[in-house]
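Colleague: Hi! I'm new to this one, could you walk me through it?
Modeller: Happy to, let's look at it together.

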Amino acid sequence: MEYGLIIITGASSGLGAAYAAALAGRTGQMVLVARRAQRLEELAADLKAKHPGLQVACCPCDLADPTARRELIGRLESISPGRTLLVNDAGLGDYGEFATAEEEKVRRLLEVNIVALAELTRAVVARMVADGGDIINVASLAADVFLPDFALYAASKSFVTSFSEALRLEMREYGVRVLAVCPGPVHTEFGQVAQRRGYDRGDAPLKRWFYTPVETVVQGSLRALATGKARFYPSFKVYAIGCLLRALPLWALRGILGLRPRRVHVDGRKEGNP
Ligand SMILES: NC(=O)c1ccc[n+]([C@@H]2O[C@H](COP(=O)([O-])OP(=O)(O)OC[C@H]3O[C@@H](n4cnc5c(N)ncnc54)[C@H](OP(=O)(O)O)[C@@H]3O)[C@@H](O)[C@H]2O)c1
């Protein structure tokens, strides 16, 4: 087996569930983390049926709750893992102007996208120095740019890529690989969760052109991890946009993003609509 233990956060849906299915044959022990326990149990049953001998621990946990995180970390520390893969996938977005963001959603976004990712990484990384391991942090194409109407999310994912790049260099001498995954849009529950009540954001035609299948993100990122890449963009289109965003001078980017084509007004009206 390639790993003694694989830990996946956000395993109850979307990319996280797909990582669990893709990785189940590479370990004897898997820990699945998310809030929806029923979903985790169903996934675990499915994985065990397909991979006899695989042990799956479902850990229902609200990663936005510091006490629940401490309990989870305590549980992880009690497992003797050997070589470990940590997939920090759990995350959420919030579409709309920051001025109208719900206080609770702001807190949850910061706790899950940033604090939980850093704390879970901290909990396993020291053991990886001794026993080996790898880390996949799911960031976003949004990490490459500041995004009005998606400001906090894009900033939180900039944290993820910056942190991952630096950690990768620190861990290189211990043979621990760290990969930041930077998808553009993917069909999962992400859009529904990011949507605010009463706001119909729709899908811009350009955005539709950028969707990548879940499997392409997961399989491609596992290949990128195996070859020691620092970042993974799941298609040429997404990669090209990332390159363009990073290459544009700030004044040009400010000009383009200042047009805010995806703006939603405080009362829910889209720009240009009555
Ligand atoms: N889909 C996209 O377009 C897209 C694009 C770029 C990057 N991403 C990133 O990809 C990652 C996975 O998202 P996805 O697209 O697969 O969306 P998703 O289907 O909504 O999955 C999000 C996962 O995160 C978990 N999660 C959210 N809040 C949590 C909390 N408080 N505690 C524990 N778990 C929590 C959810 O589980 P529970 O609800 O059961 O807790 C779920 O399993 C995220 O980091 C997202 O930012 C997505």
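Modeller: First a term: a residue is buried if 20 or more other C-beta atoms lie within 10 Å of its own, exposed if 12 or fewer, and partly exposed in between, with C-beta atoms placed from the backbone. Helices (H or I, at least four residues) and strands (E, at least two) are DSSP runs, numbered from the N terminus. This is a predicted model, where local features need pLDDT of at least 70, side-chain atom pairs count only at pLDDT 80 or more, and totals for chains, interfaces and linings use all residues. Residues are numbered from 1 along each chain as its sequence is written.

Colleague: Thanks! How many residues of strand β1 are buried?
Modeller: Five of the five residues in β1 (residues 5–9) are buried, so the strand is mostly covered.

Colleague: And which residues sit on each side of β1?
Modeller: L5, I7 and T9 are on one side, I6 and I8 are on the other, and all are buried.

Colleague: What holds strands together in a sheet, in general?
Modeller: Strands of a sheet pair through backbone hydrogen bonds, either parallel or antiparallel. Here, two strands count as paired if DSSP finds at least two bridges between them.

Colleague: Which strands does β1 pair with?
Modeller: One is β4 (residues 84–88), in the parallel sense over four bridges. Another is β2 (residues 29–34), in the parallel sense over four bridges. I6 stands opposite L85 in β4 and opposite M30 in β2. On the way from β1 to β2 the chain passes through helix α1 (residues 14–23), and this β-α-β crossover is right-handed. Right-handed means that, with the strands pointing away from the viewer, the path from the first strand over the helix to the second runs clockwise.

Colleague: What's the strand order in the sheet?
Modeller: The order is β3-β2-β1-β4-β5-β6-β7, an open sheet of seven strands with parallel pairing. β3 (55–60) and β7 (231–232) are the edge strands, and each pairs on one side only. Further in, β4 pairs with β5 (residues 133–138) in the parallel sense over five bridges, and the bridge partner of V87 in β5 is I136.

Colleague: Switching topic: which residues come nearest to the ligand?
Modeller: G10, G14, R35, G91 and T188 do, out of 30 residues around the ligand. A residue is near a molecule or strand if its C-beta atom, placed from the backbone, lies within 6 Å of it.

Colleague: Which helix gives the largest share of that shell?
Modeller: That is α1, with three residues. α1, α4 and α6 (190–194) each supply at least two.

Colleague: What about the core, which residues have the most contacts inside it?
Modeller: In the largest nonpolar core, of 65 residues, they are I7, I8, A11, A20, L32, V33 and V181. The largest share of this core, seven residues, comes from α4. A nonpolar core is a set of buried Ala, Val, Leu, Ile, Met, Phe, Trp, Tyr and Cys residues joined through C-beta atoms within 7 Å.

Colleague: Where is R127, and is R127 buried or partly exposed?
Modeller: R127 is in α4 (residues 103–131). R127 counts as partly exposed because it has 18 C-beta neighbours inside 10 Å. Its C-alpha atom is separated by 8.7 Å from that of R83, 44 residues apart along the chain.

Colleague: Last one: what is phi of D149?
Modeller: Phi of D149 is near 75°, a positive value in a residue other than glycine. D149 is in the loop between β5 and α5 (151–171).
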